[in-house]
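Trainee: I would like to take a close look at a single part of this model, and I would be glad of one connected account of it.

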Amino acid sequence: MHIPEGFLTGPTTAVGAGVAVAGLAYCVRRAELHGDDGRLPLAGLAGAFFLVGDTPFIPIGVGTQGHLLGGTLAVALLGPWLGALTIAVVTIVQALVQGDGGITVLGLNIVNAALVPAFVGWPILRGLQRLIRRRQGKDTAGGLAAACAAAAYVNVLLAALLFVTEFHLGHKGSIDIEPVVGGTVGVYAFVGVLEAVLTAGIVRALLARRPDLVMIAPPALRRPRRRPRPRPATAIASVPPPPGTAPRVPPPPGTEPRRPASSAGDPRTPPAGAAPQRPVPAADAPSGPTSGTEAATSPSAGAAARVPPPPGCEPQPRPLDPDAPGGPA
């Protein structure tokens with residue numbers, strides 16, 4: 001599709017350069033007014049993809065060859081103005097680095113590859129989209145992919161016809177135009193089928209996974225189908241209760257149990273540092289009334305309980321004196 005160097009006259013290339021500069025200036029202006037900075041990284045990725053995908057692979061003759069254009073896919077993903085600028089950058093890189101197309105005819109190549117999809121292909125794509133919407137009654141991913149495929153095929157044929165017209169009107173020297181017309185239109189009729197299939201497949205895949213990347217898609221199709229899962233809240237670190245025990249629930253504020261204050265004069269409260277009292281067995285407790293002495297020495301009277309001596313320290317009974325009165329005879 002790219003016109004080689006030395007095949008067209010100077011006035012023809014000058015007209016092509018003027019049209020390319022005016023068209024790109026208009027695209028830059030419209031892209032600044034209605035563009036989205038978030039699409040600039042996508043434009044860079046799309047440009048790299050088109051640079052690789054537009055590699056020439058079908059020789060036509062007269063110094064040129066046929067390849068994919070990608071103009072319809074660019075305007076469908078990026079819009080007409082940013083898409084045209086992306087394809088223009090790709091065309092310039094192909095001319096300067098890959099040698100695909102001449103330097104003096106770069107304006108005409110930009111018109112054919114970038115401006116035709118933006119100024120002609122975009123209205124055709126929009127018209128096909130509305131027509132399919134009326135027939136189906138609503139916007140569908142398949143209908144939009146079909147509209148992009150049809151628009152891609154029409155854009156390729158229009159660019160091929162414009163290429164032949166430029167050769168016919170501005171060729172230099174004696175060139176037989178009939179082989180150029182037959183070879184170019186015939187090859188790009190086949191290239192248009194490939195580009196239509198690839199364009200429809202890429203648009204359909206993006207609508208299924210990332211519909212927000214397809215600018216031409218209506219709002220009903222650009223909504224993401226899978227909602228992102230909410231992130232779980234960060235749990236407060238706590239020590240889990242032992243197995244088999246119920247978790248402790250704190251009481252409501254203001255209902256905490258209060259511990260009664262101990263009185264120093266309470267006989268039931270043992271003094272600080274005192275040994276623990278030994279309870280008196282029920283069998284040894286007196287069942288009848290006790291005397292005053294026993295009541296005074298009773299643990300219930302407030303005195304400390306009698307602690308038995310350690311083993312081996314029990315008091316031994318005093319031996320009886322035989323000479324004492326009352327002793328054993």
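How many residues of the lining of the largest cavity are nonpolar, how many are polar and how many are charged?

Mentor: Bear in mind that this is a predicted model. The lining of the largest cavity divides into four nonpolar, four polar and three charged residues, and the cavity itself has a volume of about 60 Å³, in a structure that holds three cavities of 30 Å³ or more. The residues that line the largest cavity are Q129, I132, R133, Q136, K138, D139, T140, G143, L144, P218 and L221. Helix 5 and helix 6 (141–170) each supply at least two residues of this lining, and the largest share, four residues, comes from helix 5.

Helix 4 (residues 80–98) and helix 5 (residues 106–136) pack at an angle of about 160°, with their axes 9 Å apart; because angles over 145 degrees count as roughly antiparallel, helix 4 is roughly antiparallel to helix 5. The crossing of these two helices is right-handed. On the side of helix 4, the contact is made by P80, W81, A84, I87, A88, T91, I92 and A95, while helix 5 brings L106, N109, I110, A113, A114, A118, F119 and W122. The residues of this contact divide into 14 nonpolar, two polar and no charged, whereas the lining of the largest cavity includes three charged residues.

Definitions and conventions
Residues are numbered from 1 along each chain as its sequence is written. This is a predicted model: local features need pLDDT of at least 70, side-chain atom pairs count only at pLDDT 80 or more; totals for chains, interfaces and linings use all residues. Side-chain values use heavy atoms; hydrogens and water are left out. Axes are lines fitted to C-alpha atoms, for helices over the stretch in contact, and angles run from 0 to 180 degrees between N-to-C directions. Angles under 35 degrees count as roughly parallel, over 145 as roughly antiparallel, 65 to 115 as roughly perpendicular and the rest as oblique. A crossing is left-handed if the near helix is turned anticlockwise from the far one by less than a right angle, and right-handed if clockwise. Contact means heavy atoms within 4.5 Å. Ala, Val, Leu, Ile, Met, Phe, Trp, Tyr, Cys and Pro count as nonpolar, Asp, Glu, Lys and Arg as charged, and the others, Gly among them, as polar. On a 1 Å grid over the protein atoms alone, a cavity is a set of points where a 1.4 Å probe fits but cannot get out, and a pocket is an open set with protein on both sides within 12 Å along at least five of seven lines; lining residues have an atom within 4 Å of a point. Grid points are joined across faces, edges and corners, and a volume is the space filled by probe spheres set on the points.
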